[in-house]
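Please open the model in a viewer and follow the stops below in order. Each stop names a selection and then describes what is found there.

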Amino acid sequence: MKCRICQHEIAPFMSFGRMPIANGFLTPEQFKDEYFFELNPAFCDRCLTFQLEEQPAPEAMFHDHYAFFSRTSKFMITHFQEYAEWVCDHHLTGDGAGLFVVEIGSNDGIMLENFAKHGIGHLGVEPSANVAEEARKYGVNTLVRFFNPDTAADIVTEYGQADALIAANVMCHIPDLNGIAKGAELLLKPNGVLIFEDPYLGAMIEKTSYDQIYDEHVFIFSALAVANIFAPYGFELIDLLPQHTHGGSMRYVLSRKGARPVTASVTEIMATEKSAGLHLPETYQKFRKNCEISKADLVSILKREKAAGRRVVGYGATSKSTTILNYCGIGPDLIEYISDTTPIKQHKFTPGMHIPVKPYQDFSENYPDTALLFAWNHQAEIMEKEKAFSAQGGKWIVHVPEVKVLG
Ligand code: SAH
Ligand code: TMP
Ligand code: ZN
């Protein structure tokens, strides 16, 4: 295969096997036509980008019935309020009325709502029509399109150049990142800023949180990779801010080279990445072994629970859980159902392994013995909410940073 960024010839370092669309919750009539692809991660030792060999077409993942709504987590609502305030305080200067902020992957408006409220000029670019429709309810202007150089050119024609191009949990979804960089080059004012955050490679390697790897996440970034990806388009990293969200993320801030001061965190974090070996192929061989250990441990705990006659249900039908379930071969024989608060997922079946997804009431009205926390990235929020389950003897299985039973 060729590296998606620099075209260097590379090879996958492991395979998670045959995978369905991670957010493709389905009905029994759809089982026979379910789409599968090979989930094979690779590392490019030239541009240092972690990537997938194969990815389903974006239109197969992002459409008018996309299942992920950002507002399902209260913590994330607060997170985006803080993110927006931080952008305003640190990266937007001048009169609010003259400013223009564009967000890629604005989903249900969870971030841009905070700009709309203050009358700041904004535009969301969001191809999934159903989530974009939700954003309109919060006064968020949304263009239902994929962001690419053509979209950027059209925005400039209609609205002019932007002060900031912002994003969260979407850059890592976009296979043509070179197109995003070109689009940013067109869209941003000379002193404009490009800010995005995504699940962080350093956290994934440290915690063996291999469930970050699924169809949508065609890249998992490090600062070393991001610097290399955007440099050919005249951008440089000017700041890096580690985040707790999604099990460990990184916020990347870039500007045109020389346009803005570079903070010390850029060299510091890049040095930390080198000491963690994120630039070395052998790190990924070790990660592969850790994934195999994690899989064996999880399957053995679930089999033990089953043998003991204990009821196990999944908590949160996350996109991440699709990788765990399919890689580990965990089906309805080991997990009775998965509880999820998202209406569009309920009464459907999980991709590939076809475990039923049920509303949260099924969980709260008839507690199982054990809950497997697929939404581990929301652990603090969920533990707070589920004190009663734990108090009456309910146990939790979590699989990061290692597989263990809590409670
Ligand atoms: N920013 C939100 C949503 C993340 S999910 C959050 O952090 O919660 C990723 C979103 O990006 C989806 O809503 C998807 O439809 C959208 N998306 C995918 N590819 C895109 C592209 N090329 N341009 C703009 N949005 C895209
Ligand atoms: P995410 O990990 O991609 O953010 O998805 C989280 C999923 O978990 C989403 O489908 C909503 C679900 N969820 C619950 O069912 N209950 C909860 O308390 C939380 C926080 C999430
Ligand atoms: Zn490369």
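Begin by selecting ligand 2 in this predicted model, together with the 17 residues that surround it. Lys 320, Asp 340, Lys 345, His 378 and Lys 385 are the closest of these residues.

Next, display the side chains that make polar contacts with ligand 2. Lys 345 places a polar side-chain atom 2.7 Å from an oxygen atom of the ligand. For Lys 320, the distance between a side-chain N or O atom and an oxygen atom of ligand 2 is 2.8 Å. Asn 377 also takes part, with an N or O atom of its side chain 3.1 Å from a ligand oxygen. The protein buries 97% of the 490 Å² that ligand 2 exposes when taken alone.

Colour the secondary structure around this site. Helix H11 (319–328) and helix H13 (379–385) are the elements that contribute two or more residues to the shell around ligand 2. Sorted by class, that shell holds 9 polar, 4 charged and 4 nonpolar residues.

Move on to ligand 1 and select the 20 residues around it. Those that come nearest are Ser 70, Glu 126, Ser 128, Phe 147 and Asn 169. For Asn 107, the corresponding distance from a polar side-chain atom to an oxygen atom of ligand 1 is 3.1 Å. Ligand 1 exposes 570 Å² when taken alone, and the protein buries 97% of that area. The shell around ligand 1 comprises 12 nonpolar, 6 polar and 2 charged residues.

Keep Asn 169 selected and inspect its backbone. Asn 169 lies in the loop between strand E8 (162–168) and helix H6 (177–187). Its phi is near 55°, a positive value in a residue other than glycine. Most residues other than glycine have a negative phi.

His 246 is found in the loop that joins strand E11 (235–243) and strand E12 (249–256).

The peptide bond from Val 400 to Pro 401 is cis, with omega near -5°. Most peptide bonds are trans.

Which protein atoms are its donors? They are the SG atoms of Cys 3, Cys 6, Cys 44 and Cys 47, lying 2.2 to 2.3 Å from the ion. The site is tetrahedral, with angles of 102 to 118° among the 4 donor atoms. The ideal angle for four tetrahedral donors is 109.5 degrees. Along the chain, the donors follow the spacing C-x2-C-x37-C-x2-C. Cys 3 lies in the segment before strand E1 (18–20) and Cys 47 in the loop between strand E3 (41–43) and strand E4 (50–52), so this pair ties together parts that are 44 residues apart in sequence.

Note on methods:
Residues are numbered from 1 along each chain as its sequence is written. Chains are lettered from A and ligands numbered from 1 in the order in which they are written. This is a predicted model: local features need pLDDT of at least 70, side-chain atom pairs count only at pLDDT 80 or more; totals for chains, interfaces and linings use all residues. Side-chain values use heavy atoms; hydrogens and water are left out. A residue is near a molecule or strand if one of its heavy atoms lies within 4 Å of it. A polar contact is a pair of N or O atoms within 3.5 Å; within protein, one must be able to donate a hydrogen and the other to accept it, and residues adjacent in sequence count only if both atoms are side-chain atoms. Accessible areas come from the Shrake-Rupley method with a 1.4 Å probe; for residues, only the protein chains shown count as cover. Helices (H or I, at least four residues) and strands (E, at least two) are DSSP runs, numbered from the N terminus. Ala, Val, Leu, Ile, Met, Phe, Trp, Tyr, Cys and Pro count as nonpolar, Asp, Glu, Lys and Arg as charged, and the others, Gly among them, as polar. Donors are N, O and S atoms within 2.8 Å of the metal (3.2 Å for Na, K and Ca); water is not among the atoms, so sites may look incomplete. Four donors count as tetrahedral if all angles lie between 85 and 135 degrees; four count as square planar and six as octahedral if opposite donors are over 155 degrees apart and all others between 65 and 115; anything else is irregular.
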